[in-house]
Structure formats: C-alpha cells, structure tokens
Amino acid sequence: MLLEYTAKETDNGKSVKQVIEHEFSLSSRTLSKLKKSSGIKVNGENVTVRYSLSEGDILSLSIEDIPSEKIEKADIPLDVLYEDDDILIVNKPLGMPTHPSQGHHKDTLANAVMYRYRDTDFTFRAITRLDGDTTGVVLIARNAVSAQRLTDSLQKGDIRKEYAAVVLGIPKPESGIIDAPIARCENSVIKRKISDSGKAAITEYCLDFSRNDGIFSLVKAFPITGRTHQIRLHLSHIGYPIYGDFLYGTPIDNVRAYLHCKSLTFPHPMTKEIMSVTAPLPEDIKEIMGI
C-alpha cells in the first residue's frame, strides 16, 4: 500500500514522525515496520522519521502487509455489501464464526475473506465481530492504515451499530436505556453477568413492532459500549430475553438466538465520508415475525 502526503506551510520544520502520527494515525507497530523496511521517502529519497519537512515536500509511505498465514483459505461464498481498496463489509450468515477456533478451522468468515484476497499479502482484521449464531453486518479493514483509523473510530464511539432482536413478549417501557455493568461469570469461559464490579455497559433500545398475538416483538438495539454478549444480557436483564438464547434465555433445540446486526454507520477511514451499510433481515427472523 502506498500513501502520499504533500506537506503544507504549517508542516514547515515538523519531523516526518510528527506528520505521520498526525495525518495517518499509524500504530507504533506499523511505524516500526516502515522504519525497518525503508518504506519512508520524501521526494523519492529514503529518509528517517527525524527528517524535517518543508512546504511542498511529498512524503511517501510504502506499507507492506504480513499475510495471516495461520488462517487457511477456504472457498466459501461471501455476501458482500460494500467493498473498496480500504474496507470490506459483508453480511455474515448464520452459523459462521468470525475467527477460527477449536472445531472451526476452515468454516469461518476469516477463512472466506483470506480466500477472496488469496493473490495478495492480506492480513485479516475484523473491526466489528459477531458470534457464530448472530447474523449481519461485519466491517473488515483491508490494510493497516484503515485498521488503525477504524479502531480509533470504534474506541471513540464513532461507529454506530443497530441490531434487530426477537424477544419474548412486548417490552415495557417500549424504549429506554439499559445501563448495567457486565462482568465475566467465574465458573464459565463464555458467560457474562450483570455486576457492579464489571465494566460499564450501556444499550439503547426501542420496540420496532410486535406480532399480533403478542408472543414475539422485534426490538431495535443500539449498543453504546461494546461488551461481550452485551445486547443478549441486557435484554434478558430487563425481562425480555432474546428468543432461542441458550445462555441468557431458554434453550430451544435447533433454534439460535434471534439476533441480527442490521446496520453500521461510520466514517470512512480515508475519505471521512459518513457511510451507512444495511443487511436485510434473515429469513428466520422474517418468518417468526410474519414479515
């Protein structure tokens, strides 16, 4: 990946390092790689990060990615919602984990994406992640710069997520804010609990609509923080567990937790344009809600 920047009058006397940190938001790891690979040039000549810039200087950064060699490539179809040189956004299907793990070495989103970019030195960097049984939008960075900038946006709360969840009953009140800290359960690797000793967790929610018989409702959920199982645990905490949730509701044979990441709104890592990408509701949610 080649990045170029033309120094402005306000950059006079600034070091290359200062401009890189301000203009490109590169991680210290990526900056270290640039130093070792002689990937920093000014006006076509190799320089160090201590070099002082003048107005009109052209700073070039050549960033080489390190392929995720431990992730096998697998020819699995992808439902691509958006793609450019910097990001990939897909609609993750039911039953597909985001990353490889025990028992899932060749059937994950990572395997599929590695195959898509099999002719390049690609590193798999999922900016947002979903559980295996949660469907919907996943944002993936295609290079180190995009990854760093999107991670910064995520940490600053500039990436807005909207989820659709099928819950039992009709929520009362129909909208609100769930502010309940989340901690790991002592006797479980994956399960979480509401605990004053946990990390802050906030979810906004509102009723979308209920089925005529009142048994199921479709709820919109907007996680302000990003804790593990946050939406699942928070909706259960207020008395409206997600249908089929085996951890925080009632386990039902052959039924998954009906949770779907419907949309992401975020600033593009390069253009800064505000983007909004939506994944349609999956068939199982439409069927149970009679849509």
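A residue counts as buried under 20% relative accessible area, as exposed over 50%, and as partly exposed in between. In this predicted model, His237 has a relative accessibility of 45% and is therefore partly exposed.

His237 belongs to helix 5. Leaving aside neighbours within four places in sequence, His237 is in contact with Ile178, Ala180 and Ile194. Ala180 is 57 residues away from His237 along the chain, yet the two C-alpha atoms are separated by 8.6 Å. Helix 5 as a whole is largely enclosed by the rest of the structure, because six of its eight residues are buried. These buried residues are Gln230, Ile231, Arg232, Leu233, His234 and Leu235. Just after helix 5, Gly239 adopts a positive phi of about 95°.

Asp245 sits in the loop between helix 5 (230-237) and strand 15 (259-267), while Arg232 sits in helix 5, so the pair ties together parts that are 13 residues apart in sequence. Both Asp245 and Arg232 are buried.

The whole structure contains 12 salt bridges. In one of these, the side chains of Glu83 and Arg116 meet at 2.8 Å, N to O. Glu83 is partly exposed, at 31% relative accessibility. Arg116 is likewise partly exposed, with a relative accessible area of 36%. Salt bridges that share partners join Glu83, Arg116 and Arg142 into one network.

A further salt bridge links Lys14 and Asp11, with the closest N and O atoms 3.8 Å apart. The accessibility of its two partners was also computed. Lys14 is partly exposed, at 32% relative accessibility. Asp11 is buried, at 3%.

The nonpolar interior was examined next. In soluble globular proteins, nonpolar side chains tend to be buried together. Here the largest nonpolar core has 54 residues. Those with the most contacts inside this core are Phe124, Leu139, Ile140, Val166, Ile242 and Phe266. Beyond its neighbours within four places in sequence, Ile140 is in contact with residues including Asp86, Ile87, Leu88, Val90, Leu109 and Val113. The contacts of Ile140 also include Phe122, Phe124, Arg125, Ala126 and Ile127.

Thr128 lies in the loop between strand 7 (125-126) and strand 8 (135-141). Thr128 is buried, with a relative accessible area of 4%. A polar atom of the Thr128 side chain lies 2.9 Å from the backbone nitrogen of Leu139. Not counting residues up to four places away in sequence, Thr128 touches Val137, Val138, Leu139, Lys161 and Leu264.

Ile285 is found in helix 6 (residues 283-289). Ile285 is buried, and its relative accessible area is 0%. Its contacts, leaving aside neighbours within four places in sequence, are Ala164, Val166, Leu218, Arg256, Tyr258 and His260. Tyr258 is 27 residues from Ile285 in sequence, and the C-alpha atoms of the two are 6.7 Å apart in space.

Val189, Ile190 and Phe246 make a nonpolar surface patch of about 320 Å². Ile190 is located in the loop between strand 11 (182-184) and strand 12 (192-194). With a relative accessible area of 42%, Ile190 is partly exposed.

Technical notes
Residues are numbered from 1 along each chain as its sequence is written. This is a predicted model: local features need pLDDT of at least 70, side-chain atom pairs count only at pLDDT 80 or more; totals for chains, interfaces and linings use all residues. Side-chain values use heavy atoms; hydrogens and water are left out. Helices (H or I, at least four residues) and strands (E, at least two) are DSSP runs, numbered from the N terminus. Buried means under 20% relative accessible area, exposed over 50%, partly exposed in between (1.4 Å probe, protein chains only). Contact means heavy atoms within 4.5 Å. A salt bridge is a side-chain nitrogen of Lys or Arg within 4 Å of a carboxyl oxygen of Asp or Glu. A polar contact is a pair of N or O atoms within 3.5 Å; within protein, one must be able to donate a hydrogen and the other to accept it, and residues adjacent in sequence count only if both atoms are side-chain atoms. Patches are made of residues with over 30% relative accessible area and no salt bridge: like charges are joined within 9 Å, nonpolar side chains (Val, Leu, Ile, Met, Phe, Trp, Tyr) within 5 Å. Accessible areas come from the Shrake-Rupley method with a 1.4 Å probe; for residues, only the protein chains shown count as cover. A nonpolar core is a set of buried Ala, Val, Leu, Ile, Met, Phe, Trp, Tyr and Cys residues joined through side-chain atoms within 4.5 Å.
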